[in-house]
Amino acid sequence: MLKTKELQSDTHVYTCNVAMNSFVIDYKGNMLPCMKLRHKGINLLTHSFDYIWEQFSIYKKYEASEKNKCKKCDAVYFCDSCPAEMDAKYGDMEVVDCTKCKVAKIRKAFYCGEVDYDEALKQADL
Ligand code: SF4
Ligand code: SF4
């Protein structure tokens, strides 16, 4: 599957659209790269948009380490694991959350026609 290979060969931790085409502004005018990132924001009243946007580019530069299991995972295309969420929960952007893995593998099996809907639900144990 092409998308899987693309994601696996992307050497960055963040393979999402963070700092590429969206941002968040809170009620105080603080601009943040993403709702899930532990970033206190930079205020638009004191800094220009261009300056703030440039600061966010750091997230596209983090290189995945050798321990990054997601780069070798064949379920990566079906996974919604988020490095920012892992960082907030575990203090490590590259931690693998077993619950995310379980869901991604079931989703892959379903969309690849290996299990039907009922079996997917059974495996998910929801
Ligand atoms: S929620 Fe996570 S995966 Fe989605 S854009 Fe933000 S940092 Fe990327
Ligand atoms: S299923 Fe697990 S190892 Fe695979 S991409 Fe998702 S979090 Fe990473």
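Visitor: What share of the 126 residues in the chain is buried, and what makes a residue buried?

Guide: Buried residues make up 16% of the 126 residues in the chain, where buried requires 20 or more other C-beta atoms within 10 Å of the residue's own, exposed 12 or fewer, and partly exposed a count in between, with C-beta atoms placed from the backbone. This is a predicted model, in which local features need pLDDT of at least 70 and side-chain atom pairs count only at pLDDT 80 or more, while totals for chains, interfaces and linings use all residues. Residues are numbered from 1 along each chain as its sequence is written, and chains are lettered from A and ligands numbered from 1 in the order in which they are written.

Visitor: How many helices and strands does the chain have, and how are they defined?

Guide: The chain has five helices and three strands, in the order α-β-β-β-α-α-α-α along the sequence; both are DSSP runs numbered from the N terminus, helices being H or I of at least four residues and strands E of at least two.

Visitor: Why is helix 4 called roughly antiparallel to helix 5?

Guide: Helix 4 (residues 98-111) and helix 5 (residues 117-124) pack at an angle of about 170°, with their axes 10 Å apart. That angle makes the pair roughly antiparallel, because the term applies over 145 degrees, whereas under 35 is roughly parallel, 65 to 115 roughly perpendicular and the rest oblique. Axes are lines fitted to C-alpha atoms, for helices over the stretch in contact, and angles run from 0 to 180 degrees between N-to-C directions.

Visitor: Which residues of helix 4 and helix 5 meet?

Guide: Val103, Ile106, Ala109 and Phe110 in helix 4 meet Tyr117, Ala120, Gln123 and Ala124 in helix 5, contact being defined by C-beta atoms, placed from the backbone, within 7 Å. The buried residues of helix 4 are Val103, Ala104, Ile106 and Lys108, and the buried residues of this helix pack against helix 5.

Visitor: How do you know that the span of helix 4 is close to the expected one?

Guide: Helix 4 has 14 residues and reaches 20 Å from first C-alpha to last, close to the 20 Å expected, the expected span being 1.5 Å times one less than the number of residues.

Visitor: Which residues are around ligand 1, and what places a residue there?

Guide: Around ligand 1 are Tyr14, Cys16, Asn17, Val18, Cys34, Lys36, Leu37, Cys82 and Ala84, a residue being near when its C-beta atom, placed from the backbone, lies within 6 Å.

Note on methods:
Contact = placed C-beta atoms within 7 Å.
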